[in-house]
Amino acid sequence: MNVKTSAKVKTLGDAASGAIEKYFSKTIAREAEVIKDKDAEELHQMRVGLRRLRSAVTGFAPVLDLPKEASEAKIGKVGRILGTLRDLDVMLESLQKCYYPNLPIDEQEVLDEALSSLLKQRRRALKAVRAVLEQKNYQSLKKSIENWLSKPQFRAIEQLPIAEVLPDLLLPQVSEFFLHPAWLLGTEYEEGKVKVGDDLNESAVEKKLAAEGTILHDLRKQAKRVRYLMNLFGDFYGPSYEGYVEDVKAVQECLGDIQDSEVLGGFLTDFVDRDLKKELPKLAGLLAQNRYTAWGKWQVLQAKYLSPETRQGCREALIHPAVDDAAKVEASQQL
């Protein structure tokens, strides 16, 4: 951790304006390349930039006095349009690189037609992205943020020391994450304690995901919000905090693998308009296998974060910013 850097940021207002400037700059830096559509990574990075900008606006909401044109909702709307195109890119890459080479010829022929359909959808999605980036509403959003950054406006708590308020900013979102009902999916109670069921085979997992998979997808979205919020404050904490951030990222990724596989399976089922296991048995088996692998990774994290000790350890890390120690050292050196 760079203690010197974190020690320089003394107020909540400093941290808020710094985060918004950082992620806004990263977002608009990708805009021209996204419109050119030469590299899918540019779209991915712009989408990430928008997500982090949105997280900054949400995370610092108690101190920010932003114009309506720069609201979290307006940032989110642009992000969702970019997200549609990004999701298609992920599906195309997954089918082409991960699944296609491992399929028999007859299934590859069906997949060729599905890929052609996805490419048509992608062209429509790209058109929508280019349109939104040229629209008046998006230009107004950018201009309002630029104007705000030139003269930031805050609420009364702007001058509060950052070390004093970090736990208040983080704990509500982390608590909501911990209280999500998806943590109890596939568990049972034994002697007053929650036990993760680790004896489900692939077929049982498929049935559980079919019945209750949406709850995991909702936790994935919550994990994403918490991860981006926690990333805002990485400079103010030590290694233990970073470990919890990595865990949240791992939750997001393994649940994302499950969701991506289900979305891909849903698209293919609609495309062939019949039972996927009968039409594309090898591919259906690979999709199920990947979901089962991701489920196993999820269960490891599930067991870890159902532990009261892990949750309490996370709370303890949140309420003790390392920047507080840095500020004390700096103050003592000035005596």
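Which element gives the largest share of the lining of the largest cavity? Helix 7 does, with four residues.

## Basis of the model

This is a predicted model, in which local features need pLDDT of at least 70 and side-chain atom pairs count only at pLDDT 80 or more, while totals for chains, interfaces and linings use all residues. Residues are numbered from 1 along each chain as its sequence is written, and side-chain values use heavy atoms, with hydrogens and water left out.

## Cavities found

Two cavities of 30 Å³ or more are found in a search of the whole structure. A cavity is a set of points, on a 1 Å grid over the protein atoms alone, where a 1.4 Å probe fits but cannot get out; lining residues have an atom within 4 Å of a point. Grid points are joined across faces, edges and corners, and a volume is the space filled by probe spheres set on the points.

## The largest cavity

The volume of the largest cavity is about 40 Å³. Its lining consists of Phe-24, Thr-27, Ile-28, Leu-50, Leu-53, Tyr-138, Leu-141, Lys-142 and Ile-145. Two or more of these residues come from each of helix 2 (12–28), helix 4 (40–59) and helix 7 (136–150); helices are DSSP runs (H or I, at least four residues), numbered from the N terminus.

By class, seven lining residues are nonpolar, one is polar and one is charged. Ala, Val, Leu, Ile, Met, Phe, Trp, Tyr, Cys and Pro count as nonpolar, Asp, Glu, Lys and Arg as charged, and the others, Gly among them, as polar.

## The second largest cavity

The second largest cavity, of about 30 Å³, is lined by Gly-213, Leu-216, His-217, Leu-255, Ile-258, Gln-259 and Glu-262. Helix 9 (202–232) and helix 10 (239–272) each give two or more residues to this lining, and helix 10 provides the largest share, four residues. The lining of the second largest cavity has three nonpolar, three polar and one charged residues.

Terms used: On a 1 Å grid over the protein atoms alone, a cavity is a set of points where a 1.4 Å probe fits but cannot get out, and a pocket is an open set with protein on both sides within 12 Å along at least five of seven lines; lining residues have an atom within 4 Å of a point.
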